[in-house]
Amino acid sequence: ESTNTRIRIITYTFIFIASILVLRLAQLQILQKGHYEEKAKILTQKRIITTPQRGLILDRNGETLVNNNLEVVGRKQERSYPFGGLASVIVGKLNKSGKGQLGLEKYFDKKLHGTAGWAYLIKDVKSHIRNEFNFSQDNSQPGENLTLSLDRKIQEITELALKRAVDRLNPEKATAIVMNPHTGEILGMAS
């Protein structure tokens, strides 16, 4: 009978310990699921600030004078100029941090810049950032496009005509403006 008592005690102890383990496991997997999912996200993802797409600068006909080249991770943005230096004095440029430094880029910086957001980079087991970028969570707001009264073709002609006049006459300074006399819109301008 003492053997049966020992077996019962061992069995009840085993059942008691197993019950405690099952209850603890249920607590971790069901009741505290959200807590551990959040911890796993923190370990596998890195939240970064994303640079919004800067607004384009367009001529009156919708031709792009200034475009964007955005790096994959959304951190750095460079401007590209499909027509080279056309209207560069008017358009201006950005500084190294991506803010408008000269010309329209500076004057309309807030409008063109947009609102920064955030997204997640995915890390592997060794905390190395993988090349995957979750753009679906990027909540940045792109900048507004800026449409000018300039006409790209008239601007090209204006710049070329001014260059020829400067080469021929060799003045100290020179400016050329092509304006619609009825509306006052500037169609081309060079200096």
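Are Arg-54 and Asp-109 buried or exposed? I looked this up in the model, which is a predicted one. Both Arg-54 and Asp-109 are buried.

**Entry on Arg-54.** I put the relative accessible area of Arg-54 at 3%, under the 20% cut-off, so Arg-54 counts as buried. I then looked for its charged partners. Arg-54 forms a salt bridge with Asp-109, and the closest N and O atoms are 2.8 Å apart. Arg-54 sits in the loop between E1 and E2 and Asp-109 in helix H5 (residues 109-113), so I noted a link between distant parts of the chain, 55 residues apart. A salt bridge also joins Arg-54 to Glu-105, with 3.0 Å between the closest N and O atoms. Glu-105 belongs to helix H4 (residues 103-107), so this pair ties together parts 51 residues apart in sequence. For Glu-105 I found a relative accessible area of 0%, which is buried.

**Entry on Asp-109.** I found Asp-109 at 12% relative accessibility, which counts as buried. Asp-109 also meets the side chain of Lys-99 in a salt bridge, at 4.0 Å from N to O. Lys-99 lies in the loop between strand E5 (93-94) and strand E6 (100-102), so the pair ties together parts 10 residues apart in sequence. Lys-99 is partly exposed, at 45%. I noted that shared partners join Arg-54, Arg-79, Lys-99, Glu-105 and Asp-109 into one network of salt bridges. My count of salt bridges came to nine.

**Entry on the surface.** I found a nonpolar patch made of Phe-16, Ile-17, Ile-20 and Leu-21, with about 410 Å² of accessible area together. Ile-17 is placed in helix H1 (residues 2-31). Ile-17 is partly exposed, with a relative accessible area of 44%.

Notes
Residues are numbered from 1 along each chain as its sequence is written. This is a predicted model: local features need pLDDT of at least 70, side-chain atom pairs count only at pLDDT 80 or more; totals for chains, interfaces and linings use all residues. Side-chain values use heavy atoms; hydrogens and water are left out. Patches are made of residues with over 30% relative accessible area and no salt bridge: like charges are joined within 9 Å, nonpolar side chains (Val, Leu, Ile, Met, Phe, Trp, Tyr) within 5 Å. Accessible areas come from the Shrake-Rupley method with a 1.4 Å probe; for residues, only the protein chains shown count as cover. Helices (H or I, at least four residues) and strands (E, at least two) are DSSP runs, numbered from the N terminus. Buried means under 20% relative accessible area, exposed over 50%, partly exposed in between (1.4 Å probe, protein chains only).
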